[in-house]
Amino acid sequence: MKLLFYLFLTACCASCAQQAFTIHGRVPGLQAGVVIGLLDAEDQTVGEIAVDTVKADGEFFITGKISHPTLCTLTTNNLDLIADEVAAGNYDHVRWTYTPVFVDNVEMEVHVARYDLMGDEPITDDFCITGGEAQADFNEYNQLLKASDSPDLKALAQTFIQGHPTSVVSLMLANRMLHNAYNLTKEEIAFLEQTITGCPLDTARYTEFRHRAALARQTAVDSSISDLDMTTPSGEPCSLSDVVESYKGRYLLVDFWASWCGICRAGTPHLKEYYAQYPREQFDIISVSTDEKPAAWHTAMEKDAMPWAQYCLTPQGAKDFYEKYQTIGVPYYLIVSPEGKVLCNPGGIEAIQAKLKELLGQ
């Protein structure tokens, strides 16, 4: 009986030990006093997960616990060693490194011959981090990127996903692809749903994927615009789908913005150029604000003097915008066809210009 209890206790201790991670390194040239940190690279609200200071022989241990496999950033910095220089405004000898690493509650090891070979790439011929299924898949994906001459990251992600249908890295890539509505076709969404069959290593991430995919089916390329509640500048209620319907017969740019968004407002002069470049029977623009304060919205409208129609999302409309469109903020652009179908979700001002040239010439 004592032997059985001992075996049970040993198994429990081993199980508990696996519920934490350790990242270990002994790196020649890494000075004692350099600070090693681990940041959450997926949830920007989490910040630092763990920290250590390098020992005399270049050795460090980062330890902690995470709730599920997470893409993180392993950092090094020598600020404490040159504090006097930095205080005097001299940053010539500052060294930071930021290395992506997929952390799970396992033992992980940094492999590098010298500190100067440790940098911002996740894996090189001279440097890598190993340990755990998630990091092994992450290394394989990054090797695929390094070996390819193709700039088509979506195609490379699809290739990896097809070969790794239950990988947490595949799920991360898929959720990134599903981010921002109207950037995937129905066929691309179906490929993701049919290929990714689960993820034993991260069931929560798989649940998130299924939810995102269901939303994406409603906002695929060549679909009607997903409706949102809005108001006019005079406070009259209206809906985005009805407004877009009234512009049928021409291409329409839907510009989601906010008064507090510097990038949005910096793009407005360019939108004015595009607006002036094409006749109204061919092309038009509407702007939809996510502002919560009507006064701020009206002040910004007056200052920016946009000559096209203006609307503002209601509180429920704003909530639906972030949920249905799977975006975290503005600027956010859509180009709608004369038939009222969403053609694309341009990533920025230059992408808008390129698409308009493709559609309308000039």
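1. Salt bridges overall. The predicted model contains 14 salt bridges. One group goes beyond a simple pair: Arg26, Asp57 and Glu59 are connected in a salt-bridge network.

2. Arg205 and Glu42. These two side chains form a salt bridge, with an N to O distance of 2.8 Å. Arg205 belongs to helix H7 (residues 203-218), while Glu42 sits in the loop between strand E2 (35-40) and strand E3 (48-53), so the bridge ties together parts that are 163 residues apart in sequence. Glu42, at 32% relative accessibility, is partly exposed.

3. Lys154 and Glu188. A salt bridge also connects the side chains of Lys154 and Glu188, at 3.5 Å from N to O. Lys154 is in helix H4 (residues 153-163) and Glu188 is in helix H6 (residues 186-195), so this pair ties together parts that are 34 residues apart in sequence. Lys154 is partly exposed, with 30% relative accessibility, whereas Glu188 is buried, with a relative accessible area of 18%.

4. Arg265 and Asp304. In this salt bridge the closest N and O atoms are 2.9 Å apart. The pair links distant parts of the chain, since Arg265 lies in helix H9 (residues 262-277) and Asp304 in helix H10 (residues 294-304), 39 residues apart. Arg265 counts as partly exposed at 24% relative accessibility. Asp304 is buried, and its relative accessible area is 13%.

5. The largest pocket. Its volume is about 500 Å³. Sixteen residues line this pocket, and those closest to its centre are Glu42, Asn175, Arg176, Glu208 and Arg212. Strand E5 (70-77), helix H5 (168-178) and H7 each contribute at least two lining residues. H7 gives the most, with four residues. By type, the lining comprises seven charged, five nonpolar and four polar residues.

6. The largest cavity. The model has one cavity of 30 Å³ or more, and the volume of the largest cavity is about 40 Å³. Its lining consists of Leu178, Asn180, Ala181, Tyr182, Asn183, Leu184, Ile189, Ala216, Thr219 and Ala220. Seven of these lining residues are nonpolar, three are polar and none is charged.

7. In soluble globular proteins, nonpolar side chains tend to be buried together. The largest nonpolar core here has 49 residues, and Leu240, Val254, Phe256 and Tyr325 have the most contacts inside it. Strand E11 (residues 251-257) supplies the largest share of this core, with six residues. Another core, of 27 residues, lies apart from it and includes Phe160, Ala174, Leu192 and Ala213.

8. Surroundings of Leu240. Leaving aside residues up to four places away in sequence, Leu240 touches Ile225, Ser226, Asp227, Leu228, Met230, Val254, Phe256, Ile286, Val288 and Tyr325. Among these contacts are Val254, Phe256 and Tyr325, which are also listed with Leu240 as having the most contacts inside the largest core.

9. Backbone features. The peptide bond between Val330 and Pro331 is cis, with omega about 5°. Pro331 is located in the loop between helix H11 (315-324) and strand E14 (332-336). Asn180 is not a glycine, yet has a positive phi of about 70°; its place is in the loop between H5 and H6. Ala305, likewise not a glycine, has a positive phi of about 50°. Ala305 occurs in the loop between H10 and strand E13 (309-313) and is partly exposed, at 46% relative accessibility.

Conventions. Residues are numbered from 1 along each chain as its sequence is written. This is a predicted model: local features need pLDDT of at least 70, side-chain atom pairs count only at pLDDT 80 or more; totals for chains, interfaces and linings use all residues. Side-chain values use heavy atoms; hydrogens and water are left out. A salt bridge is a side-chain nitrogen of Lys or Arg within 4 Å of a carboxyl oxygen of Asp or Glu. Buried means under 20% relative accessible area, exposed over 50%, partly exposed in between (1.4 Å probe, protein chains only). On a 1 Å grid over the protein atoms alone, a cavity is a set of points where a 1.4 Å probe fits but cannot get out, and a pocket is an open set with protein on both sides within 12 Å along at least five of seven lines; lining residues have an atom within 4 Å of a point. Grid points are joined across faces, edges and corners, and a volume is the space filled by probe spheres set on the points. Ala, Val, Leu, Ile, Met, Phe, Trp, Tyr, Cys and Pro count as nonpolar, Asp, Glu, Lys and Arg as charged, and the others, Gly among them, as polar. A nonpolar core is a set of buried Ala, Val, Leu, Ile, Met, Phe, Trp, Tyr and Cys residues joined through side-chain atoms within 4.5 Å. Contact means heavy atoms within 4.5 Å.
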